[in-house]
Amino acid sequence: MQLTQQMVQLAEEGSQNPLIPPGPELVIGLVTFAIVFFFLAKKLLPNINKVLEERRSAIEGGIEEAEAMKVEAQSVLEQYKAQLAEARHEAARLRQEAQEQGATLIAEMRAEGQRQREEIVAAGHAQIDADRKAASSALRQDVGKLATELAGKLVGESLEDHARQSRVIDRFLDELEEKAEAAR
């Protein structure tokens, strides 16, 4: 109860609004506020603005740097793509040249093989002709000897005369060759 009485007494003494301070306190509060505001505006606010400006310029610089790096990276990428395309074209050109050289080399090797084959075949034919002539000559001599011996036995006299023997043999073999050619 006593507390309630004190409140009533205070309310009666100061019939002023409790939200509005008394005049001298209001003036002191406004002066103090002005001093603090002036101090903040002159000392603290420029420092804050300076730090904010530095941050803003650092962020803008970072963004510009990032943009420059992006442009540079794009340029490097384009160069890389161009070099890659050029390397692919060069590889295709080299591959084509290698194929052409391979085809040329194969053609040359085939021609060389064909030439060697023809040489071998010609040499074989020449060897066969030489062997045939040698065999023919040896056969002629053997047949001649046999024919001379046989003729000598049939005639009953010796046909040892070499000149006569050669003529008889040559005539006999010529006749055999003519018969063989006629049979063909």
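This is a predicted model: local features need pLDDT of at least 70, side-chain atom pairs count only at pLDDT 80 or more; totals for chains, interfaces and linings use all residues.
Local features were taken at pLDDT of at least 70 and side-chain atom pairs at pLDDT 80 or more, while totals for chains, interfaces and linings use all residues. Residues are numbered from 1 along each chain as its sequence is written, and side-chain values use heavy atoms, without hydrogens and water.

The protein chain contains three helices and zero strands. Its pattern along the sequence is α-α-α. Helices (H or I, at least four residues) and strands (E, at least two) are DSSP runs, numbered from the N terminus. Of 184 residues, 4% count as buried. Buried means under 20% relative accessible area, exposed over 50%, and partly exposed in between (1.4 Å probe, protein chains only). The accessible surface of the chain is about 16,500 Å² (Shrake-Rupley method, 1.4 Å probe). Carbon and sulfur atoms account for 61% of that surface.

UniProt, in an unreviewed entry, places a "transmembrane region" at residues 26-45. Such annotations may be inferred rather than shown by experiment. In the model, the span is 100% helix and 0% strand. Its end C-alpha atoms lie 26 Å apart.

One aromatic pair is present in the structure. The ring centres of F33 and F37 are 6.2 Å apart and the planes meet at 25°, so the pair is stacked. Rings of Phe, Tyr and Trp (its six-membered ring) pair if their centres lie within 6.5 Å; planes under 30 degrees apart count as stacked, over 60 as edge-to-face and the rest as tilted. Both residues belong to helix α2 (residues 23-155). They are four residues apart, which means a separation of about one helical turn. F33 and F37 are exposed.

The largest pocket has a volume of about 220 Å³. A pocket is an open set of points on a 1 Å grid over the protein atoms alone, where a 1.4 Å probe fits, with protein on both sides within 12 Å along at least five of seven lines; lining residues have an atom within 4 Å of a point. The volume is the space filled by probe spheres set on the points, which are joined across faces, edges and corners. The lining consists of R132, S136, L139, R140, V143, L173, L176, E177 and A180. Helices α2 and α3 (162-183) each give two or more residues to this lining. The largest share, five residues, comes from α2. By class, five lining residues are nonpolar, one is polar and three are charged.

K145 also lies in helix α2. At 51% relative accessibility, K145 counts as exposed. K145 and S166 are 21 residues apart in sequence. Their C-alpha atoms are 9.5 Å apart in space.

Note on methods:
Ala, Val, Leu, Ile, Met, Phe, Trp, Tyr, Cys and Pro count as nonpolar, Asp, Glu, Lys and Arg as charged, and the others, Gly among them, as polar.
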